[in-house]
Amino acid sequence: MVSAIREKVPQWSLSFNVDSPDPRVAFREVEFVLWRYPDLQSTQADAVPAVPPPQSAVLSAIGRIAEIPYLLSVWSRHSERAAARLGDESPASIAGAMVHPPPRPAHIEPWDWWFRVQVAAALVIARQATPPWATSGSRAVLKSVLNGPADWTNTAAIIALFEVGMRDASTRGDVLETLLEAARRPLTPPVFQHVVEPACVALLEFPQLDPIVADELRARIVADG
């Protein structure tokens, strides 16, 4: 968010209170994080990318998707084609586009562009998965992003996991378990915004969701929102 706003207002700064658990660090052990904070003792320190930028072909593919008016089914199809074109490009390298976005079109605001790029990258990563889902590199990367420091990239991972679970019934049990864990996390304001609420909303879209679980999720959104 800060990086997106500074495209418009370069001198903009942010200070904040740090809750526990600290939303600036990964929720659990992950393979990598996209952002890191050089000084966790400061409430004014900015996050910096913790991964290198991807190849230009990756940025071009992600950028083309991000420019399309958003509709999940349409983006999913374009992501499938992009994943095929990118071939053996690793899911982790594609994730680098989430913090090193391609050039922004003038007609899209920075904060919209960053999130669109993050969702597009997550969907391409999801489309790279090779069976079985449980051991795929795509699953590992999306779970690392979901469990990383709290920001828009968590929500992008949730959207991609939702898309996988809706598209491929063989993955649904694992996706539901992953999203339920996210929906039940200990709360801080950033975690509610970027993880808990999006996970609850996604879960409520799944067919045949246990009614007791659905009531729990609705209550959590209302109580914590």
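Select Tyr70 to begin: Tyr70 is partly exposed, at a relative accessible area of 42%. On this scale, buried means under 20% relative accessible area, exposed means over 50%, and partly exposed lies in between (1.4 Å probe, protein chains only). This is a predicted model, where local features need pLDDT of at least 70, side-chain atom pairs count only at pLDDT 80 or more, and totals for chains, interfaces and linings use all residues. Residues are numbered from 1 along each chain as its sequence is written, and side-chain values use heavy atoms, with hydrogens and water left out.

Trp75 counts as buried, at 1% relative accessibility. Tyr70 and Trp75 form an edge-to-face aromatic pair, 4.8 Å centre to centre with 80° between the planes. Rings of Phe, Tyr and Trp (its six-membered ring) pair if their centres lie within 6.5 Å; planes under 30 degrees apart are stacked, over 60 edge-to-face, and the rest tilted.

Next, select Phe162 and Phe206. Their rings also make an edge-to-face pair, 5.3 Å centre to centre and 75° between the planes. Phe162 lies in helix 7 and Phe206 in the loop between helix 9 and helix 10 (211-224), 44 residues apart. Helices (H or I, at least four residues) and strands (E, at least two) are DSSP runs, numbered from the N terminus. Phe162 is buried at 14% relative accessible area, and Phe206 is buried at 5%.

Stay in helix 7 (residues 152-167) and pick Glu163. Is Glu163 buried or exposed? Glu163 is buried, with a relative accessible area of 6%. Leaving aside neighbours within four places in sequence, Glu163 is in contact (heavy atoms within 4.5 Å) with Leu72, Ser76, Leu123, Ala126 and Arg127.

Now show helix 9 (residues 189-203), whose end C-alpha atoms are 20 Å apart. The helix bends by about 30° at Val196, and Pro198 follows within four residues. That bend is the angle between axes fitted to the seven residues ending there and the seven starting there. Buried residues of helix 9 include Phe192, His194 and Cys200.

Finally, select Leu142. In the largest nonpolar core, of 65 residues, Leu142 is among those that touch the most other members. Helix 5 (residues 110-127) gives the most to this core, with eleven residues. Such a core is a set of buried Ala, Val, Leu, Ile, Met, Phe, Trp, Tyr and Cys residues joined through side-chain atoms within 4.5 Å. Beyond its neighbours within four places in sequence, Leu142 is in contact with residues including Trp133 and Ala157.

Terms used: Expected span 1.5 Å × (residues − 1).
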